Each structure stands twice: as structure tokens, then as C-alpha cells.
Amino acid sequence: MDLFRDVLDKQLIDRNNEKLGKVDGLVMVLGEGAPPRVAYIEVGPVTLARRLNRGLGQRVARLCEKLGGARHREPFRIPWAKIIVTGTDVTVGLDADDTPIRDWQKWLRRNVIERLPGA
């Protein structure tokens, strides 16, 4: 499996077939005398910003913390054991409502979209 081609930036689908966004990052662990292995995928704007520029990632982390609290400073990690790569999508053995992945969508809807005239 080519992780970058087959996993990174692919659509995340929860166990109820609901879209969760895209895979923003991969977390590898190194064991002494063992090859690297994938431990988690990461989801969130902080990971995406870090991929572009480390300083941008730090600024986005501070903004996320300010707007959403300390738990949004770090990306949400999904253990690799809960991942199933299915062609063009990545299915996770989680329910979207049990994770903070959609918190930003809810915050934007409540604080921005609903305040727009005609929304």
C-alpha cells in the first residue's frame, strides 16, 4: 500500500456511512530495531496547516484553541487499527457524533452561517 496515494487526503467515512472530512495526516512510530509503522491518522485544520508550514501550523493551533478551547489545539487522532482503506475512501470504525471532528462545522454554523442575513 502506498500510504500517501491511498490514504492521505482521502475521504473519511464513519461506520454509519457519513462523511467526516479528509485524512489530513499520518502518524508513524519508530520501534528500536523494527521498521516504522503507522499508528494513527490525524484529522483537523492544525495538521493540514502544519503540512504547509510549521509556523502556520502553530498559528492555526493558537487560533483553534482561542475559538474552540484547548481540546482543539491538537488534531484528532484515529488509531490505525480502526481504519479500513476501501479504494477511494477511508472508513473508520467510529461514529462521527462520538468524536470532535464535526465540532468546527457546528461552531461555524452556529457563529457564522446562522448570523448571515437570509440564512
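So, how many helices and how many strands are there in the chain? Four helices and seven strands, where helices (H or I, at least four residues) and strands (E, at least two) are DSSP runs, numbered from the N terminus. Starting at that end, the order is α-β-β-β-β-α-α-β-β-β-α.

Quick housekeeping. This is a predicted model, so local features need pLDDT of at least 70 and side-chain atom pairs count only at pLDDT 80 or more, while totals for chains, interfaces and linings use all residues. Residues are numbered from 1 along each chain as its sequence is written, and side-chain values use heavy atoms, with hydrogens and water left out.

On overall dimensions, the C-alpha trace spans about 55 × 35 × 25 Å along its principal axes. Of the 119 residues, 33% are buried, meaning under 20% relative accessible area with a 1.4 Å probe, protein chains only. As for contacts (heavy atoms within 4.5 Å), take those with a separation of 6 or more: 51% of them come from residues 24 or more positions apart.

Now the sheet. Three strands make an open, antiparallel sheet, ordered β3-β4-β5; strands pair if DSSP finds at least two bridges between them. β3 (25-29) and β5 (76-79) are at the edges with a single partner strand each, so one side of each has no neighbour in the sheet. Between β3 and β4 (residues 37-43) there are five bridges, in the antiparallel sense. If you want to find that pairing on screen, look for Val27: its bridge partner in β4 is Tyr40.

How values were computed
Buried < 20%, exposed > 50% of the residue type's maximum accessible area, 1.4 Å probe, protein only.
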